[in-house]
Amino acid sequence: MQDKAKLMKKIEKELSDFKQSPLYKYRTENKFFPVVGEGSLNSKIMFIGEAPGKKEAQTGKPFCGASGKFLDSMFVSVNLKRENVYITNIVKDRPEDNRDPSREEIKLYGPFLDRQIEIIQPKIIATLGRFSFEYVMRHFGLENQIEPISKAHGKSYEIDFSYGKVKIIPLYHPAVALYNGGMRETLLKDFKILNKW
Ligand code: URA
């Protein structure tokens with residue numbers, strides 16, 4: 001079996017040449033990078049956001065801007081070390097003007113995320129925001145349990161999957177706390193569910 005790092009490198013290479021993406025031109029014109037993901041390939045926990053913001057596209061690293069700062073403080077609150085988890089997004093290139101990723105972009109980039117899940121085989125998947133929650137629920141065949149994120153946040157959805165038991169934990173996107181300070185406590189409270197692992 002090829003090792004995890006080699007398989008991840010292959011994904012990285014394919015993404016860097018991903019000319020089929022409508023975001024490829026925007027990436028190259030702006031000297032942006034695709035954001036493949038970062039962290040431990042042996043982690044039991046995987047965090048999945050939506051798409052890179054400007055800072056992420058400039059550096060090639062997920063969640064290194066303002067939302068990432070808040071995410072880091074949530075990691076600290078549950079004694080998780082960023083380098084011990086794996087963090088990625090569904091869409092690996094920055095959509096223009098920070099808009100939401102489109103349905104087509106999610107469909108186009110989704111197979112890369114599917115392969116990353118297969119490589120890492122996480123026991124826990126924490127989704128950050130409604131796009132990744134819905135995508136991951138569908139990936140694991142739980143589409144009929146999809147709820148609005150306002151209901152689903154902080155719950156745990158379990159599935160016996162091909163590689164073992166998986167828990168999906170939907171969380172609000174950390175950016176929510178940036179534009180609505182009143183939500184900080186909710187996000188921090190939901191994050192506590194990750195304390196148990
Ligand atoms: N928002 C996301 O969804 N992902 C990032 O990497 C940064 C901001």
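This report covers a helix pair, a ligand site and several single residues in a predicted model.

Local features need pLDDT of at least 70 and side-chain atom pairs count only at pLDDT 80 or more, while totals for chains, interfaces and linings use all residues. Residues are numbered from 1 along each chain as its sequence is written, and side-chain values use heavy atoms, with hydrogens and water left out.

**The α5/α6 pair**

Helices (H or I, at least four residues) and strands (E, at least two) are DSSP runs, numbered from the N terminus. Two packed helices are described by the angle between their axes and the distance between the axes. Helix α5 spans residues 103-120 and helix α6 spans residues 130-139. They pack at an angle of about 65 degrees, with axes 11 Å apart. Axes are lines fitted to C-alpha atoms, for helices over the stretch in contact, and angles run from 0 to 180 degrees between N-to-C directions.

The crossing of α5 with α6 is right-handed. That term applies if the near helix is turned clockwise from the far one; left-handed means anticlockwise by less than a right angle.

Contact means heavy atoms within 4.5 Å. On the α5 side, I106, G110, P111, L113, D114 and I117 take part. They meet F131, Y135 and H139 of α6. By class, this contact has 6 nonpolar, 2 polar and 1 charged residues. Ala, Val, Leu, Ile, Met, Phe, Trp, Tyr, Cys and Pro count as nonpolar, Asp, Glu, Lys and Arg as charged, and the others, Gly among them, as polar.

Which residues of α6 are buried? They are F131, S132, F133, Y135, V136 and M137. Buried means under 20% relative accessible area, exposed over 50%, and partly exposed in between (1.4 Å probe, protein chains only). The cover over these α6 residues includes α5, the strands β2 (45-49), β4 (124-128), β5 (157-161) and β6 (164-171), and helix α7 (149-152). Just after α6, G141 takes a positive phi of about 75 degrees.

**The ligand site**

G49, E50, A51, E56, P62, F63, N89 and H173 surround the ligand. Each has a heavy atom within 4 Å of it.

**Contacts across the sequence**

L108 lies in helix α5. L108 counts as partly exposed because its relative accessible area is 29%. Beyond its neighbours within four places in sequence, L108 contacts F18, Q20, S21 and P22.

V78 sits in the loop between α4 (66-77) and β3 (86-89). V78 is buried, at 5% relative accessible area. Residues up to four places away aside, V78 touches F191, K192 and N195. Its C-alpha atom is 5.2 Å from that of N195, 117 residues apart along the chain.

S67 is in helix α4. S67 is buried, at 15% relative accessibility. Not counting residues up to four places away, S67 touches H173, P174, A175 and L178.

Most residues other than glycine have a negative phi. K31 has a positive phi, near 55 degrees. K31 lies in the loop between α2 (24-29) and β1 (38-39), and is exposed at 69%. N98 also has a positive phi, near 60 degrees. N98 lies in the loop between β3 and α5, and is exposed at 52%.
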